[in-house]
Amino acid sequence: MVADNRSAVRKVLIITLLLNLFVMGLKAVVGTWTGSLSLLADALHSVTDSANNVLGLVASQFSSPQPDRDHPYGHQKFEAVGALGIAAFLGIACFEILRGAIERIIKGGGDPVKISPSELWLLLIVLGVNIFVTFYERHVGQRVGSPILIADAQHTMSDVWVTITVLGGLIGVWQGIQWLDIVLAFPVALLVFWSGWNVLKDNLPWLVDEMAIAPEAIHAIVMQVPGVINCHEIASRGVVGRQAFIEMHLIVDAIDVETAHRITEEVEKRLQERFNPVRILIHVEPPAYQSDQITYKTKSK
């Protein structure tokens, strides 16, 4: 049985939403005061933080791991869909940052950026809040096994690096190096893109039912069970540690249903001990049946 962690996930998302709204507002205000393109772009990045929290709350509401009549395999793919939404938001932020920087270059740099020590101190507060949110979300996400919290922590970590970059650029502007504000907008965009790519890469396997467990590993465990002659047509999907599904055909040394049932129960027990939480479907075949095809293969045309 998969634990329902949605209550813990919602609590974290609400807390981080409030903190992200505070960070977004502070960046927008300071960015408007100073006229900093990189800081306004960073504020845009923080808009996606808040949007991601809202998206996460919606996804969490519908992502129960427990099956029901309409969703017999549970609802956990809603969380993966939510994580892909985060990747989409990151892509939008990357585009907006690059567009703003290019427009500033075309227009010849625009109005000069003006920054004061007090505004730099406000940005240090922003940085501290972002660091707290990142480690808080990552810690809880890993503890409860929530992909959307881990994905959002990855996004917020990109915000930490963005803020550090922007802060360094504004310190340079404070010292009279105006072009730093535009130049640093480009690495900010690359950091945002990289975070989105990582989120996409981590969640696509779940959505496209990529193999979760090597069939050879399953075969090795099953063949250790007394009474098993062979197993074949092994398939798996899901994510080990979150929820995995295994299907197989099992050839057993049994002449009655009771013995075959006992053997399959032992197979399920050993696989659950190794890959829990996992749901297993076994098709039992008689001793005379033969097959050496451990897993599915592409059929020749």
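Biologist: Which residues make the nonpolar surface patch of about 280 Å²?
Modeller: This is a predicted model. Isoleucine 14 is partly exposed, with a relative accessible area of 45%, and patch residues need over 30%. The patch is made by Ile14, Leu18 and Leu21.

Biologist: How much of the accessible surface of the chain belongs to carbon and sulfur atoms?
Modeller: The chain has 301 residues, and 46% of them count as buried. Its accessible surface comes to about 15,400 Å². The share of that surface from carbon and sulfur atoms is 64%.

Biologist: What pattern does the chain follow along the sequence?
Modeller: There are 9 helices and 3 strands. Take contacts between residues at least 6 apart in sequence: 74% of them join residues at least 24 apart. Read along the sequence, the pattern is α-α-α-α-α-α-α-α-β-β-α-β.

Biologist: Which elements do the buried residues of H8 pack against?
Modeller: Helix H8 spans residues 215-222, and Pro215, Ile218, His219, Ile221 and Val222 are buried there. Seen down the axis of H8, these buried residues fall within an arc of 165°, so they line one face of the helix. They pack against strand S1 (228-239), strand S2 (243-252) and helix H9 (257-275).

Biologist: Is threonine 134 buried or exposed?
Modeller: Threonine 134 lies in helix H4, residues 117-144. Leaving aside neighbours within four places in sequence, threonine 134 is in contact with Ala153, Thr156, Met157 and Val160. Its relative accessible area is 0%, and the cut-off for this class is under 20%. Threonine 134 is therefore buried.

Biologist: Which backbone nitrogen does the side chain of threonine 134 reach?
Modeller: Met157 is among the contacts of threonine 134. The side chain of threonine 134 comes to 3.4 Å from a backbone nitrogen there. That nitrogen belongs to methionine 157.

Biologist: How far apart in space are valine 267 and methionine 223?
Modeller: Valine 267 lies in helix H9. In sequence, valine 267 and methionine 223 are 44 residues apart. C-alpha to C-alpha, the distance is 8.8 Å.

Biologist: Which residues is valine 267 in contact with, leaving aside its neighbours within four places in sequence?
Modeller: Valine 267 is buried, with a relative accessible area of 1%. Val222, one of the buried residues of H8, is among its contacts.

Biologist: Which two residues does a cis peptide bond join?
Modeller: Most peptide bonds are trans. Here one has an omega of about 0°. Its proline, residue 277, is found in the loop between H9 and strand S3 (278-285). The bond joins asparagine 276 and proline 277.

Biologist: What is the phi of glutamate 233?
Modeller: Most residues other than glycine have a negative phi. Glutamate 233 is found in strand S1. Glutamate 233 is buried, with a relative accessible area of 17%. Its phi is positive, near 50°.

Biologist: What is the phi of aspartate 209?
Modeller: Aspartate 209 lies in the loop between helix H7 (185-207) and H8. Aspartate 209 is partly exposed, with a relative accessible area of 36%. Although aspartate 209 is not a glycine, its phi is positive, at about 55°.

Biologist: How many residues apart in sequence are the parts tied together by arginine 237 and aspartate 209?
Modeller: The side chains of arginine 237 and aspartate 209 meet in a salt bridge, 3.9 Å from N to O. Arginine 237 lies in strand S1 and aspartate 209 in the loop between H7 and H8, so the pair ties together parts whose separation in sequence is 28 residues.

Biologist: By about how much of the helix are arginine 270 and glutamate 266 separated?
Modeller: The structure holds 2 salt bridges. One of them joins the side chains of arginine 270 and glutamate 266, at 2.9 Å from N to O. Arginine 270 is partly exposed at 26% relative accessibility, and glutamate 266 is partly exposed with a relative accessible area of 26%. The two are 4 residues apart in helix H9, so their separation is about one helical turn.

Technical notes:
Residues numbered from 1 in each chain as written. Predicted model: local features only at pLDDT ≥ 70, side-chain atom pairs only at ≥ 80, totals over all residues. Heavy atoms only, no water. Patch = residues over 30% accessible without salt bridge, like charges linked within 9 Å, V, L, I, M, F, W, Y side chains within 5 Å. Areas by Shrake-Rupley, 256 points an atom, 1.4 Å probe, with all protein chains shown as cover. Salt bridge = Lys/Arg side-chain N within 4 Å of Asp/Glu carboxyl O. Buried < 20%, exposed > 50% of the residue type's maximum accessible area, 1.4 Å probe, protein only. Contact = heavy atoms within 4.5 Å. Arc of directions from axis to C-beta. Polar contact = N/O pair within 3.5 Å; in protein donor to acceptor, adjacent residues only side chain to side chain.
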